[in-house]
Amino acid sequence: MSTEVEAPPSGRPAITTPATPARKNKSPYPYWFYVPAAVIFFVFFVVPTFSSFFFSLTRWDLSTWEFIGLDNSVAFFQESALITGLRNTLIYAVVTCGLKVVLGMLLALLLTSQIMARGLLRSVLFFPVLVSTIGVGLTFTVLMDPSNGLINKSLALIGINGPAWLVDPKFALLSVALVDVWKGVGLATVIFIAGIVSIPREYFEASATDGASAVQRFWKIILPLSRPAITTVIILALIGGLRSFDLIWAMTRGGPGFTSDVIASVIYKQYQAGFYGLSTAGNVVLFLLVTAIVFPLFRFLTSREVDQ
Amino acid sequence: MSTKRHLWLGLLAIVLFGVVFFVPFAFILFTAAKTQTEAGELQFSLPTTWALLQNLKDALAARDYMLIIAFINSIVLTVVSVAVLVVLSAMVAYVAQRRQSRWSGLVNFLVLCGLIIPPAVVPTVWVLQSLGLFKTLTGLIFVEIAFGLAFCVLLFRAFIASIPRDLDEAAIIDGASPTRLFFKIIFPLLRSVMVTVIIVQSVAIFNDFANPLYFLPGDENATVQLTVFNFQSQFNTQYNLLFADILLITIPPLLLFLFLNKRIVEGMTAGAVKG
């Protein structure tokens, strides 16, 4: 690295451009470097985000709009299917986030201990993170088939009568959440591993001399000192969970009925049906939900970090 | 004593990981290699006759080689978006890190917004339509760039902070213009973080489903994820072909994983922990 740094600038013919005096006032870090990215970000992200607040108050067909005030939001909250969507979004986010944190931490502890084939196990665990969500969703839809699926057949072998998973209204959302955890727990685990590995060895040595048990070591050393990693996993998993769409759409499309609809799938359904104003109102609801949960949580978690 | 416990724990872990994480992928491969009737039974078993190549051929040939066109679309989308993302976000991160002013505060705020705020779908369609970019690959490329910028700037900025300023000053004294300083001297030094950005974004964009669904609808120019999803209804009696499709879209990440596993894990954790 350092040899590369030294090599290029020396040995070049020095002054090639004329306007030497003018350059004294000019910063070598020109603001126009912001411009191309700023234009794209502004046009395709900032403008839609801001205009969503306006269009959520209209009846809209993309070319003409009619101002109807809060009617969309009222309609959104009156439709019971949409309330279900809101509740499901929260359940989905909390369940996936909670399971990813707990399982991820347990797996990270396992994969930082002295067990065999550690590297291989880490790789195997991480691979699903890279695989297409659609591919995973379609595969598990088949594996979770109530009568012929591999999961229920295996459960039957050990005498358990498996639930109907995606077909059962009570289990549909949780089934998708479980697949989400299966796919995403590898990322949580590698972040936790990075956190645990960065803890200085002296702490463990000191605790060993003092005769601390493994349980004490976890609660008193590993957990407090890997707090930044835990913060990251919680925030990432919550944002992902609240916004999730791909897996749910691939596996149930919100069904059976509306029992596994989340806000993101409601937004898509309203869009497909041509209710653009209503769909955008859904987007605003999602926006408010995410910011209302994530920003304060982020503050809270990072402020406790400073206290350490 | 404790080594014996570790041995058992290790064996148990290997078996459990095998069942939970390996079986689904084996299932994809086996089903993709079966004949239509055998695949329809949804059994987890080795195929009695291996028809993998034939199935892959049939899956690719279905609906006038639509999957091949989709692969080309997906590759163009991924390559162009990631290339532009790398250059633009490195430029932003460089100036934001080197030149502290009220603008860098704004950049930080926008990066945070870009990471957290869910994109507004229909207004984006509206913007694309006003620009004549709706249902075009170009439009989708712009969208992917806009949505990916925040994360890339974050990664680049953390890395640029570790490049000494002395280097900039030496180059300036030697008479390098700002553009030259950045593209000839700083940019090549970003190679290691660039690999991370490229991998993470390629995986995200290649696997993206929601954005193509919204912004590039229609059969003729779909991406692979969308095509495979649409095949689901067409192939619901031909599980062998459906799984041949799934196998095909799993191969690119698998190749990446086999060659660059360490790099990917490093990059994802570095980005996440600093974020």
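This is a predicted model: local features need pLDDT of at least 70, side-chain atom pairs count only at pLDDT 80 or more; totals for chains, interfaces and linings use all residues.
A search of the whole structure identified 2 cavities of 30 Å³ or more.

The largest cavity has a volume of about 50 Å³. Residues of both chains contribute to its lining: Val131(A), Gly135(A), Val136(A), Thr139(A), Phe140(A) and Trp182(A) from chain A, and Pro24(B), Phe25(B), Ile28(B), Ile246(B) and Thr250(B) from chain B. Three helices each supply at least two residues of this lining, namely helix 7 (133-143) of chain A and, in chain B, helix 1 (2-32) and helix 12 (239-274). Helix 7 of chain A accounts for the largest share, with 4 residues. In terms of residue class, the lining of the largest cavity comprises 8 nonpolar and 3 polar residues, and no charged residue is present.

The second largest cavity has a volume of about 30 Å³. Chain A provides Thr49(A), Ser52(A), Phe53(A), Asn283(A), Val284(A) and Phe287(A) to the lining of the second largest cavity, and chain B provides Ile117(B), Pro118(B) and Ala120(B). Two helices of chain A, helix 3 (35-55) and helix 15 (276-307), each supply at least two residues of this lining. The lining of the second largest cavity divides into 6 nonpolar and 3 polar residues, again with no charged residues.

How values were computed: Residues are numbered from 1 along each chain as its sequence is written. Chains are lettered from A and ligands numbered from 1 in the order in which they are written. Side-chain values use heavy atoms; hydrogens and water are left out. On a 1 Å grid over the protein atoms alone, a cavity is a set of points where a 1.4 Å probe fits but cannot get out, and a pocket is an open set with protein on both sides within 12 Å along at least five of seven lines; lining residues have an atom within 4 Å of a point. Grid points are joined across faces, edges and corners, and a volume is the space filled by probe spheres set on the points. Ala, Val, Leu, Ile, Met, Phe, Trp, Tyr, Cys and Pro count as nonpolar, Asp, Glu, Lys and Arg as charged, and the others, Gly among them, as polar.
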